[in-house]
Amino acid sequence: HPYGLEDRACADCLAGLAISYQLQGDVTRACSMIERLISQIDMRSGWFYDVIAGSTKARVNCLQGNAEDALQWARSFVPVKEPGMLFIWIEVPSLTWARVMIVHGSDEERHEAVKFLMELRELVSAVHYTNQLVEIQVLLALANYREGNVDKALEAVHQALDVTGYRRWLRPFIEAGAQMREIIEQGMAL
């Protein structure tokens, strides 16, 4: 491919651009990056790159509020707890699955996602994948908030902030959207 990168790194770069454009409100560029990602997936790259493209598209659909398309992907995906699939990547299909189920899924799907994230949290803590631990804590905060448990949501946010330390990681919190803003505002009001 023209980018001169290892396939997984290339896929993650394009996924990251799609997500960044969407967070900036540039739907056209976000969709363009997804199309570019899909076009760069070579049949020799294997099934996993198709999964990356699908999960990126679902994640952008989730950010756009397109619950139907995001849920269609998530309901067809089986999440895995494999350290190599988590590593430092921006787009982690199993986390996208959990994100979609927490934000748009049924109560049962949300509970399944929370159970998965709790188990995954133990794994990423053991292997020191700090970036994914922050993502997991943010998702757990959203799940708790959706269930009406503001105190547990705030606790998860505090844990995420403790993990980030001085690094000022913003994207996971920004990507969580209006619900994260509400959690933080309620925490500040206490």
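This note covers the salt bridges of the predicted model.

1. Basis. The model is predicted: local features need pLDDT of at least 70, side-chain atom pairs count only at pLDDT 80 or more, and totals for chains, interfaces and linings use all residues. Residues are numbered from 1 along each chain as its sequence is written, and side-chain values use heavy atoms, with hydrogens and water left out.

2. Count. There are 12 salt bridges in the structure. A salt bridge here is a side-chain nitrogen of Lys or Arg within 4 Å of a carboxyl oxygen of Asp or Glu.

3. Arg59 and Glu91. Their side chains form a salt bridge, 2.8 Å from N to O. Arg59 sits in helix α3 (residues 47-63), Glu91 in the loop between α4 (67-76) and α5 (93-104), 32 residues apart. Helices are DSSP runs (H or I, at least four residues), numbered from the N terminus. Both Arg59 and Glu91 are buried (under 20% relative accessible area; exposed is over 50%, partly exposed in between; 1.4 Å probe, protein chains only).

4. Lys81 and Glu119. The closest N and O atoms of this salt bridge are 2.6 Å apart. Lys81 is in the loop between α4 and α5, and Glu119 is in helix α6 (residues 107-126), 38 residues apart. Lys81 is partly exposed at 40%. Glu119 is partly exposed at 35%.

5. Glu147 and Arg110. This salt bridge spans 3.3 Å, N to O. Glu147 lies in the loop between α7 (130-146) and α8 (150-164) and Arg110 in helix α6, so the pair ties together parts 37 residues apart in sequence. Glu147 is partly exposed at 38%, whereas Arg110 is buried at 4%.

6. Network. Salt bridges with shared partners join Arg59, Glu91, Arg99, Glu135, Arg171 and Glu175 into one network.

Terms used
Helices (H or I, at least four residues) and strands (E, at least two) are DSSP runs, numbered from the N terminus.
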